[in-house]
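Colleague: I would like to learn how to read aromatic contacts in a model. Can you take me through some?

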Amino acid sequence: MTTTATETTSTSSTSYRCTTATASVRVVPNSKLFVSEPEPFWFGNERNPKNDPAWTNGNWLKSRFHFSFAEYNNFKNSDFGVLRVMNDDLVQPHRGFGTHPHSNMEIITYIVNGQLTHQDSMGTKESLGRGSIQFMTAGTGVRHSEFNHGDTPLRFIQTWIKPNRSGLSPNYGSYRGDTAEAMGQRRNKLQHLVSNVEKQGATKEGTPVHVNQEVNAFASEMELGQKVVHELPAGHQAYLLCVEGGVKVNGEALDRYDACEIQGLAHAPTSITIEATKTEASENGNLAHVLLFTMKQVKGSGRRDL
């Protein structure tokens with residue numbers, strides 16, 4: 001389903017009314033995502049166990065690819081603007097991705113549940129939980145591993161963003177999202193998590209994560225019936241993933257794993273209204289959960305196979 005830009009009147013959380021356009025939305029149903037379940041040995045894992053009650057999937061990894069990646073080759077779905085990869089990964093207990101290389105990419109890993117342990121060639125080793133982010137500038141080259149050393153499944157969303165230039169110095173950083181303060185910042189509101197590293201100094205964006213690209217990321221955990229509204233600047237587009245529960249985005253329904261492409265207007269801001277229509281049990285209670293990336297419009301963005 002697709003909605004087109006229309007004029008609406010909305011009330012913001014600061015109690016003033018404004019008239020703005022509504023961004024157009026095109027749903028990407030989860031049935032259109034490529035599901036990958038690679039052999040354990042490909043990433044240095046042991047064989048899958050038989051009938052392990054702690055496992056929620058028969059294979060060590062179940063990954064949903066939003067864009068062309070690895071064994072999924074689809075020239076009609078290669079990227080969305082500066083987003084090159086978005087993989088929704090479910091990793092079973094005591095399994096993970098052995099040491100592997102990256103270069104010339106900004107990598108953002110958002111943890112949904114469980115604990116993700118990252119270790120890299122820069123000497124970093126860290127474990128983080130729900131709502132947290134691990135991010136890397138791969139630049140001239142870095143090697144790292146990602147593991148679930150816990151006794152419960154791990155789910156995370158890994159997004160690769162094309163950098164604004166190649167040959168950058170490798171860098172690692174993180175944000176802990178499982179503190180009471182962090183959870184409060186995304187409860188029934190959009191928490192601004194990622195912005196452009198070049199917007200620093202007097203104009204620095206108030207985000208915990210900065211990357212080498214003109215891109216922003218937001219997360220929200222919403223109770224049933226709650227709404228959040230984001231104003232998309234003129235000349236921008238967005239990609240939204242329904243992580244948990246169900247939502248309506250400008251009236252278009254999304255369930256868990258569904259996504260949508262959002263297009264604004266070239267010369268005027270547009271609004272994105274996200275309403276929680278269904279909740280599910282999570283580490284933080286019964287919630288709907290979304291992840292939103294915004295960026296400048298790129299001509300021709302969007303799947304050509306819907």
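Predicted model: local features only at pLDDT ≥ 70, side-chain atom pairs only at ≥ 80, totals over all residues.

Colleague: How many aromatic pairs does a search of the whole structure find?

Modeller: Start with the rule. Rings of Phe, Tyr and Trp (its six-membered ring) pair if their centres lie within 6.5 Å; planes under 30 degrees apart are stacked, over 60 edge-to-face, and the rest tilted. Searching the whole structure gives 10 aromatic pairs.

Colleague: Where in the chain do Phe34 and Tyr72 lie?

Modeller: Helices (H or I, at least four residues) and strands (E, at least two) are DSSP runs, numbered from the N terminus. Phe34 is in strand β5 (residues 34–36). Tyr72 is in the loop between β6 (61–65) and β7 (83–91). They are 38 residues apart, so the pair links distant parts of the chain.

Colleague: Is Tyr72 buried or exposed?

Modeller: Buried means under 20% relative accessible area, exposed means over 50%, and partly exposed is in between (1.4 Å probe, protein chains only). Tyr72 has 9%, so it is buried. Phe34 is partly exposed because its value is 28%.

Colleague: What kind of pair do Phe69 and Trp160 form?

Modeller: Phe69 and Trp160 are edge-to-face, with 5.3 Å between centres and 90° between planes. Phe69 sits in the loop between β6 and β7, and Trp160 in strand β14 (residues 154–161). That pair spans 91 residues. Trp160 is buried at 15%, while Phe69 is partly exposed at 22%. Now put the rings together: Phe34, Phe65, Phe69, Tyr72 and Trp160 form one aromatic cluster.

Colleague: Which residue lies over the face of Tyr257?

Modeller: A charge sits over a ring if NZ of Lys or CZ of Arg is within 6 Å of the ring centre and within 35 degrees of the ring normal. Here Arg64 lies over the face of Tyr257, at 3.7 Å from the ring centre.

Colleague: What is the phi of Tyr257?

Modeller: Tyr257 is not a glycine, yet its phi is positive, about 80°. Tyr257 is in the loop between β22 and β23 (259–263). Asn250 also has a positive phi, near 50°. Asn250 lies in the loop between β21 (246–249) and β22 (252–255). Tyr257 is buried at 15%, and Asn250 is buried at 15%.

Definitions and conventions. Residues numbered from 1 in each chain as written. Heavy atoms only, no water.
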